[in-house]
Amino acid sequence: MSSAKTKTKRFGIGLLFILLLAVGAPQKSSFADDVVLEKPRARQGYYVGVGGYAVGSVSWDADKERLGPWPGVTGGLRLGQALAPWIDLGLHISGGRAFGGDFDATLFRLSLEAQLHPWRDLAVRLGIGAGATDVYPTRSGVEDDVIGRFGDNYILAVAWDFFPFHKGGSGGFALTPVVGAQVGPGGDFTTLNGFIGVEITWWSGLSKDQLELSPEEAFQ
């Protein structure tokens, strides 16, 4: 297995990268919002969302021995901001468990997430960050030398936003089915998780001075 020091270093670099970009994003967005007015849309401003996901997890150790696929469940928290009509940037934190008979696994990830909107309410998500898979035996007598991984993590997902309660204006609630995969590569232990789930997201919308409005709408 890789040394704990190497794993910690990789995690620290990834987490620093996430935090630096997350801090820098609102400053760039604020500058852009001061210059360009946008037409009112449901997906605008800041967002906060929660989700539940069904997971299929499979891992390979240093000897290329496969563990899984194991079913599991995870929950997630998403928060961020729409930088432009075609891109959002934020953080995604999720955790849960996978169940493998003699073994269980605790799953965790913290990712910087870019969400691209190539067409209508379709979203393509790209994520990079840190993830952990902690494998442990569920009963006595099972060898417990499989410890999992803690390091880089990459995500690719596709989602579609539905706004069933949106009657116009900026911001609102979205109901979003999503399907995707995340991989945690490593020379000694690699994890691949497929997931499908549903999210509920609240978009704050933009203030009137950031929107392209008619005189009647602006002074309502």
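The model is predicted: local features need pLDDT of at least 70, side-chain atom pairs count only at pLDDT 80 or more, and totals for chains, interfaces and linings use all residues. Residues are numbered from 1 along each chain as its sequence is written, and side-chain values use heavy atoms, without hydrogens and water.

**Asp-88**

Asp-88 sits in strand E3, residues 87-100. Strands are DSSP runs of at least two residues, numbered from the N terminus. Asp-88 is buried but has no salt bridge. Buried means under 20% relative accessible area with a 1.4 Å probe, protein chains only. A salt bridge needs a side-chain nitrogen of Lys or Arg within 4 Å of a carboxyl oxygen of Asp or Glu. Arg-43, the nearest side chain of opposite charge, is 4.4 Å away. Asp-88 has a side-chain polar contact of 2.8 Å with Gln-115 and another of 2.6 Å with His-117. Such a contact is a pair of N or O atoms within 3.5 Å, one able to donate a hydrogen and the other to accept it; residues adjacent in sequence count only if both atoms are side-chain atoms.

**Aromatic pairs**

Rings of Phe, Tyr and Trp (its six-membered ring) pair if their centres lie within 6.5 Å; planes under 30 degrees apart are stacked, over 60 edge-to-face, the rest tilted. The count is 4 aromatic pairs, including these:

| Pair | Centre to centre | Between planes | Type |
|---|---|---|---|
| Tyr-47 and Trp-203 | 4.9 Å | 45° | tilted |
| Tyr-53 and Phe-195 | 5.9 Å | 80° | edge-to-face |

Tyr-47 is in strand E1 and Trp-203 in strand E8, so their pair ties together parts 156 residues apart in sequence. Tyr-47 and Trp-203 are both buried.

**Cores**

A nonpolar core joins buried Ala, Val, Leu, Ile, Met, Phe, Trp, Tyr and Cys residues through side-chain atoms within 4.5 Å. The largest has 16 residues, and Phe-195 is among those touching the most other members. A second, separate core of 6 residues includes Trp-203.

Notes. Helix = DSSP H or I, 4+ residues; strand = E, 2+ residues; numbered from the N terminus. Buried < 20%, exposed > 50% of the residue type's maximum accessible area, 1.4 Å probe, protein only. Lys, Arg positive; Asp, Glu negative; His and termini not counted.
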